[in-house]
Amino acid sequence: MKKRTILFTLLTAVALSAQAKVRLPNIIGDNMVLQQQTEARLWGWAKPGQTVRVTTSWNDEAVSAKADKDGKWLVKVKTPKASYTPLSITFDDGEKLTINNVLSGEVWVCAGQSNMEMPVKGFGMCPVKDYNQHVLDAVNSKGVRSVKIPSIMRATPQDDAQCEWRQCSPKTVPEFSATGYFFARLLSRTLDIPVGIIEANKGGSRVESWLTKENLEKYTSDPTDSVEICRKWAQYDYHRSLLWGNGTFNPILNFTVKGILFYQGCSNVGDPGDQYSQRLKLLVEQWRSQFGLGEIPFYFVQIAPWAYDDGDVNGISGALLREQQWKAAQIIPNSSLVCINDLVYPYEYSQIHPAQKQQVGERLAFTALNRDYGYETIQYKSSSYKDMTVKGDMVFIHLQDNYWCDAPFEGMTGFEVAGEDRVFHPAIASHFWQPGGGYWDEAIIVRSPEVEKPVAVRYCFKNFQLGNVSNGGNMPLFPFRTDEW
């Protein structure tokens with residue numbers, strides 16, 4: 001009997017000790033990157049009513065918080081200027097817990113679907129270009145770190161996820177998001193500071209997959225009951241609304257970040273009217289509100305050419321979604337859209353995961369470096385359609401954001417022209433310049449022998465159509481149409 005009593009006492013003591021020890025979410029741990037020179041949030045759980053004291057290796061000041069009735073607590077700590085100096089943080093609620101090898105730097109979220117999720121090692125049958133070279137080069141990216149939030153569905157919002165921060169090395173880099181890694185690599189090397197990426201994404205997810213129950217009920221007709229959600233998308237679980245956001249994105253919302261990178265849209269191809277652009281705007285507003293960090297940057301990627309509509313390269317459903325993304329960039333404050341219409345090979349018309357991920361990540365980095373880090377000489381924008389005028393059988397096209405250059409000078413491809421019959425024909429296009437011609441000095445002249453009286457022009461406005469027009473920053477021209485047919 002005494003032995004049982006002693007054993008019970010010991011087990012009780014162990015249980016009480018375990019209950020008393022502060023617990024941290026998995027995203028707060030060894031090797032993490034904190035957003036520099038801000039008030040970074042740290043949070044966790046302790047015994048209800050217990051005071052948790054937090055001290056850091058870079059500051060003598062301690063901060064504390066009392067756990068609420070559910071055991072939750074949160075504090076804010078002032079973070080130092082970015083550097084490679086290893087830092088530590090100690091949490092003390094009567095029993096100390098210390099996390100080590102923490103760095104101060106820049107932190108960005110990598111959200112979206114499979115083209116953001118796609119790792120450096122690629123997917124099955126979907127390689128990333130120059131994989132071996134990137135693995136070997138990873139020894140030069142020790143300032144890059146990543147944490148992958150498991151892609152899971154939950155009926156209710158989760159506040160933790162099984163994850164851990166990874167330091168970049170030839171051994172670990174194959175698992176990093178390729179787009180995220182190439183963004184972080186260029187940012188880190190240019191600024192010479194640590195960069196952390198939080199990968200919270202799911203292949204095949206729709207924009208609705210990340211909306212909250214409240215937003216879904218107010219702005220969509222999607223079900224919000226988990227049983228009904230699973231019933232509606234029984235075959236394609238990656239299309240399910242709400243559940244992915246609950247399980248995969250909600251756990252990161254307390255973390256202090258610089259901005260969000262987003263690569264998504266394929267699963268929303270076919271959405272009617274302006275539905276996608278409006279719902280993407282809604283999602284950005286939701287995330288900014290949930291993070292509580294103000295109007296943080298939102299930089300997103302236009303979907304690449306692909307044979308949507310059951311393999312129809314000449315269909316336009318993909319082009320219409322790209323148009324919606326362009327419209328979204330015009331209505332979402334502090335946002336920017338990256339064009340990648342040139343980053344597919346001709347044989348990738350049936351490959352939903354193009355191999356050229358390095359340039360995608362680097363174009364996102366160009367955007368951030370110019371807009372957020374003072375590199376104003378970086379030309380990060382793609383040119384886009386501005387206006388046109390018709391003279392006889394010729395159409396004069398003017399672009400904006402072209403950095404004073406429409407290239408190539410001759411042999412431009414990707415243009416089509418239509419007359420009043422609305423039938424489009426391949427067009428001949430080249431640079432046009434007439435000395436002393438006033439406003440029309442510089443233009444792209446477009447014409448087709450098949451169209452005597454042109455009324456509309458399209459550029460790469462198909463599911464899979466590759467053009468070759470770029471600007472002074474070597475950025476591709478955004479696909480466009482001048483009609484509304």
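Which residue in E19 is the bridge partner of Phe 396? The partner is Ile 445. This is a predicted model.

- Four strands form an open sheet, in the order E14-E15-E19-E18.
- Their pairing is antiparallel.
- Strands E14 (384-391) and E18 (428-433) stand at the edges.
- Each of these edge strands has a single partner strand, so one side of each is left without a neighbour in the sheet.
- On average, neighbouring strands of this sheet are turned by 30° against each other, with direction ignored.
- In general, strands of a sheet pair through backbone hydrogen bonds, and the pairing can be parallel or antiparallel.

**The E15 and E19 pair**

- Strand E15 spans residues 394-400, and strand E19 spans residues 442-447.
- The two strands run antiparallel.
- Three bridges join them.
- Phe 396 has its bridge partner, Ile 445, in E19.

**The largest pocket**

- The largest pocket has a volume of about 480 Å³.
- It is lined by 26 residues.
- Closest to the centre of the pocket are Glu 323, Gln 324, Lys 327, Phe 461 and Arg 481.
- H10 supplies the largest share of the lining, with nine residues.
- By class, the pocket lining holds 10 nonpolar, eight polar and eight charged residues.

**The cavities**

- How many cavities of 30 Å³ or more does a search of the whole structure find? The search finds two.
- The largest cavity has a volume of about 40 Å³.
- Its lining includes Asn 115, Tyr 263, Cys 266 and Trp 306.
- Ile 303, Ala 304, Pro 305 and Tyr 308 are also among the residues that line the largest cavity.
- Gln 351, Ile 352 and Pro 354 belong to that lining too.
- The lining of the largest cavity divides into nine nonpolar residues, two polar residues and no charged ones.
- The second largest cavity has a volume of about 30 Å³.
- Leu 337, Val 338, Cys 339, Arg 363, Tyr 380, Ser 382 and Met 475 line the second largest cavity.
- Five residues of that lining are nonpolar, one is polar and one is charged.

Key: Residues numbered from 1 in each chain as written. Predicted model: local features only at pLDDT ≥ 70, side-chain atom pairs only at ≥ 80, totals over all residues. Heavy atoms only, no water. Pairing = 2+ DSSP bridges. Axes fitted to C-alpha atoms, helices over the stretch in contact; angles between N-to-C directions. 1 Å grid on protein atoms, 1.4 Å probe; cavity = no way out; pocket = protein on both sides within 12 Å on 5 of 7 lines; lining within 4 Å. Points joined across faces, edges and corners; volume = space filled by probe spheres on them. Nonpolar A, V, L, I, M, F, W, Y, C, P; charged D, E, K, R; others polar.
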